[in-house]
Amino acid sequence: METQRTTLDITKTSATRINEVDFDNLAFGKHCSDHMMICDYKDGKWQTPQVLPYGPIPMEPSAKVFHYGQAVFEGMKAFKDEDDKIWLFRPEDNFKRINISAERLAMPAFPKEYFFEALETILELDKDWIKKGKGNSLYIRPFVIGTENGVSASPSSEYRFIIICCPAKAYYSNPVKVTIAQKYSRSADGGVGYAKAAGNYAAQFYPTNLAKEKGYDQVIWTDANTHEYLEECGTMNVFFRVGDKLITAPTNDRILDGITRKSIIALAEEEGVDVEVRRVAVREIVEAAKNGALKEIFGAGTAATIVPFLGFDFNDNYYELPEIENSYGAKFKKMLQDIQYNLAEDKFGWTYEVK
Ligand code: COI
């Protein structure tokens, strides 16, 4: 991919904080690397991006983001291979998606050359924060917030695009138990479910807390109209294996067009697996669990990669999933990570070397 070079203002940190971090015991997202990028939008245009030492940003309490949640974000990862080369995975898709999300929240599009140059600059400066070995990565969090001061309920005329990075290991260290939503919803027709809008995540916290009180880690969201069809799960898209078929819901205005999701579909099709992208009925999955046809369920997302589910609750009945050999989840996780860590040929052209 060609990226046009622009000029960023770069201020390097005078003292790295890397020695404060225990890289063997990382809580996801707790530590940020030494540098961040900030780019402001004002007077109708994006200003020169600044790469700066990571630190607090002064903002007025009346800034629109605090009142109306005008905020969108992305999640990406950088990986280091055995030769110390640094790789991003399908970064152009993250770039496109943050602008799709921004448009839905009435925010201006961010220029591609700024996005890639900022990423490359931060990853070069903070390369020691990316550890080698499968499972290690630097989680990259680009986000945009409305920064205009004033509490009138209208789109901000000023924005701030920020990129921060956090060294990461597994998002879920164990398989998860989930419950199927029957009352609350994550998104609705015509809403913002397909966007990575900050509020989509905040809206899940309360029902997820209720699920946790009952012993479940996450909620599988169902369609808001009928609660009859399975959609996303927590921060992930979700896949069901019934017999040897792999089934996942189609993307639409309620469901995020997950990059891990579409990579799994491509890998599975390449492997000759029968993949069905269609609505997945709750009753079909419950029936398949009862008659033994349901072999696995797994979640897929950038932060989580691929996470197997132990079982699911529906209507206060818990259905445990069988332990199986040759799980699709494990197979596609390995295939995906082999590409991400430059251990296998990338037939799809998904990887992007940071030079
Ligand atoms: C990601 O997978 O990148 C996400 O957006 C999950 C995040 C909310 C932790």
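Visitor: Which residues of H2 are buried?
Guide: Pro91, Glu92, Asp93, Asn94, Phe95, Arg97, Ile98, Asn99, Ser101 and Ala102. Buried means under 20% relative accessible area, with a 1.4 Å probe and protein chains only. This is a predicted model: local features need pLDDT of at least 70, side-chain atom pairs count only at pLDDT 80 or more, and totals for chains, interfaces and linings use all residues. Residues are numbered from 1 along each chain as its sequence is written, and side-chain values use heavy atoms, leaving out hydrogens and water.

Visitor: How many of the residues of H2 is that?
Guide: 10 of 14, so H2 is mostly covered. Helices here are DSSP runs of H or I, at least four residues, numbered from the N terminus.

Visitor: What comes just after H2?
Guide: Ala106, with a positive phi of about 60 degrees.

Visitor: New topic. At what angle do H5 and H7 pack?
Guide: About 105 degrees, with axes 10 Å apart. The axes are lines fitted to C-alpha atoms over the stretch in contact, and angles run from 0 to 180 degrees between N-to-C directions. That makes H5 roughly perpendicular to H7, a label for 65 to 115 degrees.

Visitor: Which residues meet there?
Guide: Thr260, Ser263, Ile264, Leu267 and Ala268 in H5 meet Phe332, Met335, Leu336 and Ile339 in H7. Contact means heavy atoms within 4.5 Å.

Visitor: And the domains, where do they run?
Guide: Domain 1 is 9-169 and domain 2 is 176-340, by an automatic or database domain assignment. Their C-alpha centres lie 27 Å apart.

Notes
Helices (H or I, at least four residues) and strands (E, at least two) are DSSP runs, numbered from the N terminus. Angles under 35 degrees count as roughly parallel, over 145 as roughly antiparallel, 65 to 115 as roughly perpendicular and the rest as oblique. Buried means under 20% relative accessible area, exposed over 50%, partly exposed in between (1.4 Å probe, protein chains only).
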